[in-house]
Amino acid sequence: MMAAPRRGFETAEYAARTARALAAMEAHAEEPLAGIVITSPPTIRYFTGFETTFWESPTRPFFVILVPGRTAPIAVVPDLGEVGMRQAFTSEVRTWASPEIGDGASPKFGDGASPEIGDGASQTGSAGVHEGLEALWAAICETMTSLGTRSGGATAYTAARIGFELGPEMAMRWSTGAFLALRRRLGGDRIADATPLLWRLRMIKSAAELEKIAKACRIASDAFAAVPERIAAGCKEREAAATFRDLLFGAGADQVPFIAAASGAAGYLQIVAGPSDRHLTRGDILFLDTGVVHDGYFCDFDRNFAVGAPEVAVERAYDALLRATDAAINALRPGLRAAEICAVIGRSLEDAGYAVSATGRMGHGFGLQLTEPPSLALQDATVLEAGMALTIEPAITLGGGRLLVHEENVSLQADGAQWLSTPAPRSLPRLR
């Protein structure tokens, strides 16, 4: 058995990520960026290594700022996050007393007396101060010196802008109202979208990142292999999903944020909703898809299982999916565009006589998130590069709206694709 990769990363890994970001900020297409403000958990973890499940609470935002001249990020966090963030890769940690409610004042308890409740006390859901805004504003004013001033002031970039996570497949973990209040202070022309820059960094995984992704894939592969011994005709989709979750944790998963389970006679109608209380019956196909997390990094692939003997037509369709997967993996090379791999998959399925499912894409990137750019879609002109982690995900539409979907995980290396998931059996695995 292959040993699990070490937890976390060496400091040099985080330092290199920050250095690449700062270089990209200096070479920004329009003008050098004075800084980037990061609020999303995956990107905060990417630059600092800060790990927490506290993200489930929406009350308190966390900010990480990349600033030229700082070789490690600045963290601006609620006070209860200070200790953890100081243990992460940061050059400075700033805090504020949180949560900020009402007018932002913090009543004090003392001498056993209850604090006075004034007329300005906030009610749940009422508009009050913007959580973290003043602390972030102070950090921006005091650290992003290249912003300069609008009237006077001899600085290099008097019109420099600040990047935020505003684009596709990213979202700020901060209230919209708070961001708009910051935008008014800065001026709208000083807001830039840092999404392309950040994805350019995160799409290309280091060897250490790929080791963690490979471990997540091995965990899921082991769990999938055990499914035929644990799930049988008669159980509900919901029970099948619960059993599969147990198998994933038993195989070593840290977290299992994503499981999809669907079933139907000779195919299934959808792959997103559910699982339901539908009972598995002979002639069904059970679809299980998962995103297992190991040390922060996802896998994302599925398996199909026949309940009893499958129909011949289903076996043919399954074989076509595997052949399309093989065609894509054999074609993968650095320098090709994402759209070209999508086209390879589509041609393989059409040559086999099948209508290509309109799922929108035939694969995507993944890593710290279940799905990441690029998309293996005809509209995506992203040039594929060594270091990318990719799903290959052909899908077929059968009669009556039924689907069959297959997915594998690979990494792209200089000489082609390397399997991360254990390849699916060439014949549909069967459940009792």
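Reader: In strand 15, which residue is the bridge partner of Ala-355?

Author: Happy to start there, keeping in mind that this is a predicted model. Strand 11 covers 355-356, and two bridges join strand 11 to strand 15, residues 395-397, with the two running antiparallel. Within strand 15, Ala-355 has as its bridge partner Thr-397.

Reader: Which strands are the edge strands of the open sheet of three strands?

Author: Let's begin with the order, which is 11-15-16 with antiparallel pairing. An edge strand here pairs on one side only.

Reader: At about what angle does helix 9 run to strand 16?

Author: Good one to look for in the picture! Helix 9 takes in residues 312-331 and lies across strand 15 and strand 16. Its angle to strand 16 is about 40°.

Reader: What share of the residues of the chain count as buried?

Author: The chain has 432 residues, and its secondary structure comes to ten helices and 19 strands. The chain exposes about 19000 Å², with carbon and sulfur atoms supplying 53% of that area. To count as buried, a residue must have under 20% relative accessible area. The share that does is 52%.

How values were computed. Residues numbered from 1 in each chain as written. Predicted model: local features only at pLDDT ≥ 70, side-chain atom pairs only at ≥ 80, totals over all residues. Heavy atoms only, no water. Helix = DSSP H or I, 4+ residues; strand = E, 2+ residues; numbered from the N terminus. Buried < 20%, exposed > 50% of the residue type's maximum accessible area, 1.4 Å probe, protein only. Areas by Shrake-Rupley, 256 points an atom, 1.4 Å probe, with all protein chains shown as cover. Pairing = 2+ DSSP bridges. Contact = heavy atoms within 4.5 Å. Axes fitted to C-alpha atoms, helices over the stretch in contact; angles between N-to-C directions.
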